[in-house]
Amino acid sequence: DVQRYLPSRISGMSDLSYWERLSALKLQSLQRRRERYIIIHTWKTIVGYVPNDLNMKFVVNKRYGIQVAVPALNKSASGKAKTCYDRSFHVKAAQLWNLLPADAKDFQSLDKFKVSLSTFLRKFPDKPPVTGYSTANHNSLLDWSNQSGGLQMM
């Protein structure tokens with residue numbers, strides 16, 4: 001994988017683990033960047049910068065700000081359908097957006113939102129699964145937030 005190989009070729013990085021290289025280079029894992037993109041796209045949908053093609057439903061909560069309703073799943077759905085549901089953009093977008101505290105949901109501008117989002121994301125460890133290393137979970141923001149004891153912040 002290019003993201004693991006190239007940083008190891010940089011002078012002074014060859015002795016560092018993949019996680020240490022990401023940190024030293026101030027890079028996020030591919031998974032973290034993907035989840036960040038999903039959250040930003042959800043913000044753009046709420047604000048109206050992009051069409052709401054998925055017909056996401058938004059609910060205002062006094063404590064948490066705007067929340068995205070997670071679409072319902074038929075309880076008798078097959079295991080394969082449940083897996084597809086869990087992996088769908090609509091469900092992931094709703095779950096990830098709903099992790100954000102109200103103060104991170106800045107609607108003044110996209111740039112201000114990205115700053116508040118980055119501040120929030122720095123609270124989560126970014127340790128993607130790597131062959132040869134043990135990890136606490138699969139590194140998703142959802143995994144970190146659901147881990148025993150709640151949010152496991154750095």
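Of the 154 residues in the protein chain, 34% are buried. The model is predicted, and its protein chain holds 7 helices and 2 strands. Along the sequence these elements follow the pattern α-α-α-β-β-α-α-α-α.

**Surface and contacts of the chain**

- The protein chain has an accessible surface of about 9700 Å², and carbon and sulfur atoms account for 53% of that area.
- Among contacts between residues at least 6 apart in sequence, 55% join residues that are at least 24 apart.

**Packing of helix 4 against helix 5**

- Two packed helices are described by the angle between their axes and the distance between the axes.
- For helix 4 (residues 79-87) and helix 5 (residues 89-99), the axes come within 5 Å and cross at roughly 50°.
- On the side of helix 4, the contact is made by Tyr85, Asp86 and Arg87; on the side of helix 5, the residues are Phe89, Val91 and Lys92.
- Sorted by class, this contact of helix 4 with helix 5 comprises 3 nonpolar and 3 charged residues, with no polar ones.

**Aromatic pairs**

- The whole structure contains 6 aromatic pairs.
- One of them is formed by Trp43 and Phe107, with 6.3 Å centre to centre and 10° between the planes; this pair is stacked.
- Trp43 lies in helix 3 (residues 30-47) and Phe107 in the loop between helix 5 and helix 6 (110-121), so that the pair links distant parts of the chain, 64 residues apart.
- Trp43 is buried because its relative accessible area of 0% is under the 20% cut-off.
- Phe107 counts as partly exposed because its relative accessibility is 33%, which falls between the limits of 20% and 50%.
- Phe107 also forms an aromatic pair with Trp97, and this pair is tilted: the centres are 6.2 Å apart and the planes 50° apart.
- With a relative accessibility of 0%, Trp97 counts as buried.

**Aromatic cluster**

- Ring pairs join Trp43, Tyr49, Trp97, Phe107 and Phe113 into a cluster.
- Within this cluster, Phe107 takes part in the stacked pair with Trp43 and in the tilted pair with Trp97.

Definitions and conventions: Residues are numbered from 1 along each chain as its sequence is written. This is a predicted model: local features need pLDDT of at least 70, side-chain atom pairs count only at pLDDT 80 or more; totals for chains, interfaces and linings use all residues. Side-chain values use heavy atoms; hydrogens and water are left out. Axes are lines fitted to C-alpha atoms, for helices over the stretch in contact, and angles run from 0 to 180 degrees between N-to-C directions. Helices (H or I, at least four residues) and strands (E, at least two) are DSSP runs, numbered from the N terminus. Contact means heavy atoms within 4.5 Å. Ala, Val, Leu, Ile, Met, Phe, Trp, Tyr, Cys and Pro count as nonpolar, Asp, Glu, Lys and Arg as charged, and the others, Gly among them, as polar. Rings of Phe, Tyr and Trp (its six-membered ring) pair if their centres lie within 6.5 Å; planes under 30 degrees apart count as stacked, over 60 as edge-to-face and the rest as tilted. Buried means under 20% relative accessible area, exposed over 50%, partly exposed in between (1.4 Å probe, protein chains only). Accessible areas come from the Shrake-Rupley method with a 1.4 Å probe; for residues, only the protein chains shown count as cover.
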